[in-house]
Amino acid sequence: MPTTAPRGVGHLRGDQSFPAAARRALADSQLRRNLGHATATIRAKSAAVIAEAPDWQQLRDAGAAIKADVMARLPELLEQLEAAVTAAGGTVHWAADAVEANRIVTELVAATGSDRVIKVKSMATQEIGLNEALEAAGITPVETDLAELIVQLGDDRPSHILVPAIHRNRAEIREIFLREMPGVDPALTDDPVALAAAARRYLRQTFLHTPVAVSGANFAVAETGTLVVVESEGNGRMCLTLPETLITVMGVEKVVPTWRDLEVFLQLLPRASTGERMNPYTSMWTGVSPGDGPQQVHLVLLDNGRSAVLADEVGRQALHCIRCSACLNVCPVYERTGGHAYGSVYPGPIGAVLSPQLTGVEENASLPYASSLCGACYDACPVKINIPELLVHLRAAHVTAQRRPTTESIAMAAAAYTMDHPALYAAAQRAARLTRLAGRRGRGLPPPLSGWTIGRDLPQPPPQTFREWWAER
Ligand code: SF4
């Protein structure tokens with residue numbers, strides 16, 4: 001049977017339910033300003049470049065179709081990928097969950113004798129808590145993506161898939177650098193160019209003196225065993241080419257069948273994510289090339305609950321995600337609460353449907369309700385994941401899993417019984433009219449139903465029922 005991601009390791013579960021965590025986030029006006037500014041900027045950039053692509057809707061359809069095909073024959077494609085990577089001189093490892101993946105990577109790093117690794121930004125390694133596992137083994141992980149570095153130095157948590165430090169402004173970043181970055185100039189200003197230059201100086205030395213890198217992968221092409229990382233800063237290119245050993249941790253859903261399929265996603269991803277026509281750095285590598293780049297190449301294929309998601313014919317759409325973060329940037333809930341309220345490394349609309357499925361719905365039961373079901377995420381998604389449908393599907397799964405009567409289920413059962421008995425139904429209608437006589441219009445229902453009318457007007461019953469109107473005529 002498919003298993004879900006294990007407890008006590010990784011970052012898929014929060015300490016609090018979404019409403020409690022969101023309340024705390026909403027009280028932080030600086031956070032809301034930072035988020036509002038950043039998401040509005042990315043939205044505008046993305047809309048402008050999407051408008052330039054006349055075949056955008058066809059590309060979205062193609063992306064959705066390719067992903068559906070991948071899910072339908074995932075085992076076969078993964079075996080094809082494994083064979084191609086192995087034939088090219090790489091080594092493939094299969095990790096059932098976060099514990100196994102962390103153990104594999106830690107052992108591989110330890111075998112090199114290095115006590116430090118450089119990292120390319122990777123959601124999969126955050127998901128499994130790899131940094132904590134490496135630190136526990138005496139290995140220092142150094143994040144090299146600028147935003148991830150800010151998060152790491154600030155002993156913080158990422159709050160956005162693409163812009164992990166979106167909740168920080170430049171004054172806060174300057175303070176973190178002055179406090180935590182070795183060798184930083186004390187006269188550092190909060191000018192973005194100066195901040196980037198400080199990070200560059202610090203990272204350059206680390207790149208040149210670390211023999212092992214750990215990355216994620218945006219895609220893996222099954223037909224040739226080629227792994228693909230797209231990024232904006234060039235730090236990824238350094239990590240993927242300079243070290244002797246390269247270890248890539250990739251969720252099993254990231255495989256695509258052919259280069260022709262990859263072409264579709266390389267058009268969709270940058271426009272939907274950073275609002276660029278083409279991302280600045282696209283690194284691709286196929287196994288080992290003697291004398292060029294890493295000479296030890298490992299690929300860790302991570303399940304960690306994905307088989308359980310795949311087993312759900314409705315829920316499996318969540319595995320189509322290419323982590324562009326467009327759904328976060330248009331979500332009115334995310335824009336107000338930020339990413340930390342979701343408790344998982346996957347925030348926003350995709351987090352609200354992916355995290356509960358990876359952990360089992362009951363362990364993230366509040367997340368499917370963290371939405372107004374406005375549908376903006378569905379419209380924005382470059383691979384057309386129907387997130388509102390998934391949210392409703394997971395809410396139903398949660399209600400079913402509870403298996404105990406709720407106020408709502410009792411009320412619905414009573415309504416069903418009443419509607420099934422005409423005399424009772426007529427009596428109920430007459431009774432409802434009494435509320436009109438009692439002047440209850442505009443007031444709420446009495447407990448225990450009062451919660452329903454906190455944010456809604458109670459409709460006024462009509463002065464005459466249909467049956468009465470019919471009888472009159
Ligand atoms: S669900 Fe769609 S919009 Fe959201 S991050 Fe994934 S691919 Fe992007």
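User: Which residues is Glu335 in contact with, leaving aside its neighbours within four places in sequence?
Analyst: Glu335 is in contact with Leu35, Gly36, Thr39 and Arg43. Contact means heavy atoms within 4.5 Å. This is a predicted model, where local features need pLDDT of at least 70, side-chain atom pairs count only at pLDDT 80 or more, and totals for chains, interfaces and linings use all residues. Residues are numbered from 1 along each chain as its sequence is written, and side-chain values use heavy atoms, with hydrogens and water left out.

User: How many residues apart in sequence are Glu335 and Leu35?
Analyst: They are 300 residues apart in sequence. In space, their C-alpha atoms are 5.9 Å apart.

User: Where does Glu335 lie, and is Glu335 buried or exposed?
Analyst: Glu335 lies in helix H15. Helices are DSSP runs of H or I with at least four residues, strands are runs of E with at least two, and both are numbered from the N terminus. Glu335 counts as buried, because its relative accessibility is 19%. Buried means under 20% relative accessible area, exposed means over 50%, and partly exposed is in between (1.4 Å probe, protein chains only).

User: New topic. Where is Thr274 found?
Analyst: Thr274 sits in the loop between helix H12 (259-273) and strand E9 (281-286). Thr274 is buried too, with a relative accessible area of 19%. Leaving aside neighbours within four places in sequence, Thr274 is in contact with Lys45, Leu162 and Ser232.

User: OK, zoom out. How many helices and strands does the protein chain have?
Analyst: The chain has 21 helices and ten strands. Its C-alpha trace spans about 95 × 55 × 45 Å along its principal axes. Of the 473 residues, 49% are buried.

User: How many cavities of 30 Å³ or more does a search find?
Analyst: Three, in the whole structure. On a 1 Å grid over the protein atoms alone, a cavity is a set of points where a 1.4 Å probe fits but cannot get out, and lining residues have an atom within 4 Å of a point. The largest cavity has a volume of about 120 Å³. That volume is the space filled by probe spheres set on the points, and points are joined across faces, edges and corners.

User: Which helix gives the most to the lining of the largest cavity?
Analyst: H16, with three residues.

Methods: On a 1 Å grid over the protein atoms alone, a cavity is a set of points where a 1.4 Å probe fits but cannot get out, and a pocket is an open set with protein on both sides within 12 Å along at least five of seven lines; lining residues have an atom within 4 Å of a point.
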